[in-house]
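Me: I have a structure open and have never looked at it before. Can you walk me through some parts of it?

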Amino acid sequence: GGVLDARYRRHILKAPGDIAPVPGRQHVWEIAPGYVPGMRGPARFFADEQLAMLCLEEIGQAGGGFLPAVHQLANVATLPGLMGCSLGMPDIHSGYGFAVGSVAAIDLTNPEAVVSPGGVGFDINCGVRLLRTDLAASELKERRLARLATAIFEAVPTGVGAEGAYAPKDQQDLRAALKQGMKWALERGLCWPEDLERTEEGGAMPDADPDAVSNRALKRGSPQLGTLGSGNHYLEVQAIEEIFDEEAAKAMGLVQGNVCVMIHCGSRGLGHQVCTDYLQSMEATMKKQGIVVPDRQLCCVRASSPQGQEYLRGMAAAANYAFVNRTIIANSVRDVFGTVLGRDPKSELGMHMVYDVAHNIAKREEHTDPADGRLKAALVHRKGATRSFPPGHPELPEVYREVGQPVIIGGSMGTCSYVLAGNPASMELSFGSTCHGAGRRLSRAAAKRQMSAEAVLAKLRGQGIEVRVASPKLIAEEADESYKDVSSVVRTCHEVGISRLVARLRPLAVIKG
């Protein structure tokens with residue numbers, strides 16, 4: 001990044017050197033140790049100059065319980081066992097404990113290593129699934145597109161408290177889904193065998209344990225499998241507008257002008273309850289273990305302790321629920337396309353999965369410790385950040401081994417979305433991670449004050465986008481003006497080198513809660 005314009009210096013609360021561009025590194029900013037007492041090293045975030053301005057302007061809003069994202073990044077740098085830097089992606093914004101858009105790798109060879117539910121978030125394994133098709137967008141004329149949007153809206157339950165398209169028979173059946181993930185769905189004919197290899201972790205987190213999930217969480221999750229939910233969750237029918245990387249696009253089956261479907265949702269009430277349960281029980285354990293954090297929302301326990309391990313098993317079970325949730329939705333979408341278009345989803349429409357990737361998760365991975373250059377086991381917390389493994393990485397399916405992991409980036413409502421691919425620099429700079437979306441610029445309350453739902457819907461329809469919304473009053477919260485510019489976010493990641501551009505997608509139809 002360049003040197004900040006002098007008029008923005010006032011947003012930096014301490015000496016100007018405390019937050020500054022890293023010399024010789026494009027778009028990399030560093031928060032020096034000492035910005036928050038007890039930092040074990042620096043914090044860094046990736047931002048072009050305009051995105052950096054937004055981060056620094058947020059500092060001026062601190063107070064009344066609100067912590068700016070850069071302050072939260074510095075707080076995370078105080079966690080025991082932190083490897084290298086606490087990291088922020090270009091879409092970073094303030095969150096619960098950890099900023100949304102954060103990455104923290106914890107050195108599991110360090111006996112002080114911790115796990116923090118706030119580093120995963122309440123919506124465990126919120127993530128994105130992308131289906132490609134052989135259907136040309138030009139075939140979806142106005143009336144046909146409207147029929148398709150309505151049929152999807154009717155087939156995929158949306159909104160607060162929506163009940164699912166596929167209810168488990170009983171609690172034992174639900175527990176099997178939490179344990180087995182997408183294998184459970186495959187056995188019930190809810191997905192295709194190839195879908196599993198095109199999903200992070202093969203659609204089933206290891207060590208998932210339904211016994212680590214409370215009865216209350218199970219009760220909340222039981223009726224919600226196959227539901228989209230509300231807030232920033234959505235389903236979009238999109239057109240592939242531009243290809244940037246022909247080789248990667250070919251491997252992913254992306255053809256310019258063709259239709260694809262993006263599904264963005266997570267673990268619903270079950271995941272939220274799992275996070276809530278462990279945050280409440282961990283506070284006392286943290287005190288007993290003598291762990292002190294600058295913000296109680298950073299609540300954490302030793303990763304190797306019985307409670308730390310139990311949380312990770314419960315989190316993995318909730319993550320499997322989310323994989324199954326997106327699987328059931330994708331199954332409904334394939335059925336709808338087949339019915340409305342009168343073509344077989346597999347043999348005639350080619351509705352194959354590109355990839356399904358989590359962006360709220362903590363995972364055990366092997367990474368090089370910047371302090372000593374040694375490869376170590378790390379617990380990588382990604383909250384509003386996406387795994388971005390490079391070509392040749394052993395965890396990638398064979399089909400993507402040469403081009404790198406697909407990274408699915410949803411834009412804000414009515415704007416474009418992107419497909420990226422993992423890049424080698426991600427392993428050096430960001431523990432194999434990149435951005436996850438546009439990132440909020442305005443709070444939900446501020447968005448509603450500034451925009452009306454009617455104006456937002458009129459704008460979308462004016463762009464020729466079919467819109468189906470369960471709760472129209474909530475639509476202003478998700479207007480594109482509430483978010484950062486997703487094109488700036490992905491371009492920054494591309495220029496830093498932590499992921500590279502593959503394709504741009506534009507919305508044809510939006511289905512929301």
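Predicted model: local features only at pLDDT ≥ 70, side-chain atom pairs only at ≥ 80, totals over all residues.

Me: At what angle do H9 and H10 pack?
Reply: Helix H9 (residues 268–288) and helix H10 (residues 306–341) pack at about 170 degrees, and their axes are 9 Å apart. H9 is therefore roughly antiparallel to H10; the cut-off for that word is an angle over 145 degrees. Axes are lines fitted to C-alpha atoms over the stretch in contact, with angles from 0 to 180 degrees between N-to-C directions. Helices are DSSP runs of H or I with at least four residues, strands are runs of E with at least two, and both are numbered from the N terminus.

Me: Which residues of H9 and H10 meet there?
Reply: Among them are Val-274, Tyr-278 and Met-282 in H9, and Tyr-311, Met-315 and Ala-318 in H10. Contact means heavy atoms within 4.5 Å. The residues of this contact divide into eight nonpolar, six polar and two charged. Ala, Val, Leu, Ile, Met, Phe, Trp, Tyr, Cys and Pro count as nonpolar, Asp, Glu, Lys and Arg as charged, and the others, Gly among them, as polar.

Me: Switching to H1. Which of its residues are buried?
Reply: In helix H1 (residues 49–59) they are Leu-51, Ala-52, Met-53, Cys-55, Leu-56, Glu-58 and Ile-59. Buried means under 20% relative accessible area, exposed over 50%, and partly exposed in between, with a 1.4 Å probe and protein chains only.

Me: What do the buried residues of H1 pack against?
Reply: They pack against strands E1 (19–21), E2 (28–31), E3 (43–46) and E4 (86–93), and against helices H2 (69–76) and H14 (486–496). At the start of H1, a side-chain oxygen of Asp-48 comes to within 3.2 Å of the backbone nitrogen of Gln-50.

Me: Where is Thr-78?
Reply: Thr-78 is in the loop between H2 and E4, and is buried at a relative accessible area of 6%. A polar atom of its side chain is 2.6 Å from the backbone oxygen of Asn-75. Leaving aside neighbours within four places in sequence, the contacts of Thr-78 include Val-36, Arg-40 and Pro-294.

Me: And Asn-423, is it buried or exposed?
Reply: Asn-423 counts as buried, at 17% relative accessibility. This residue is in the loop between strand E16 (417–422) and helix H11 (425–429).

Me: How many aromatic pairs are there in the whole structure?
Reply: A search of the whole structure finds four. Rings of Phe, Tyr and Trp (its six-membered ring) pair if their centres lie within 6.5 Å; planes under 30 degrees apart count as stacked, over 60 as edge-to-face and the rest as tilted. One of the pairs is Tyr-96 with Phe-122, edge-to-face, at 5.2 Å centre to centre and 75 degrees between the planes.

Me: Are Tyr-355 and Tyr-400 stacked or edge-to-face?
Reply: Tyr-355 and Tyr-400 are edge-to-face, at 6.1 Å centre to centre and 80 degrees between the planes. Tyr-355 lies in strand E11 (residues 353–358) and Tyr-400 in the loop between strand E14 (386–387) and strand E15 (406–409), so the pair ties together parts 45 residues apart in sequence. Tyr-355 is buried at 1% relative accessibility, and Tyr-400 is buried at 0%.

How values were computed:
Residues numbered from 1 in each chain as written. Heavy atoms only, no water. Parallel < 35°, antiparallel > 145°, perpendicular 65-115°, else oblique. Polar contact = N/O pair within 3.5 Å; in protein donor to acceptor, adjacent residues only side chain to side chain.
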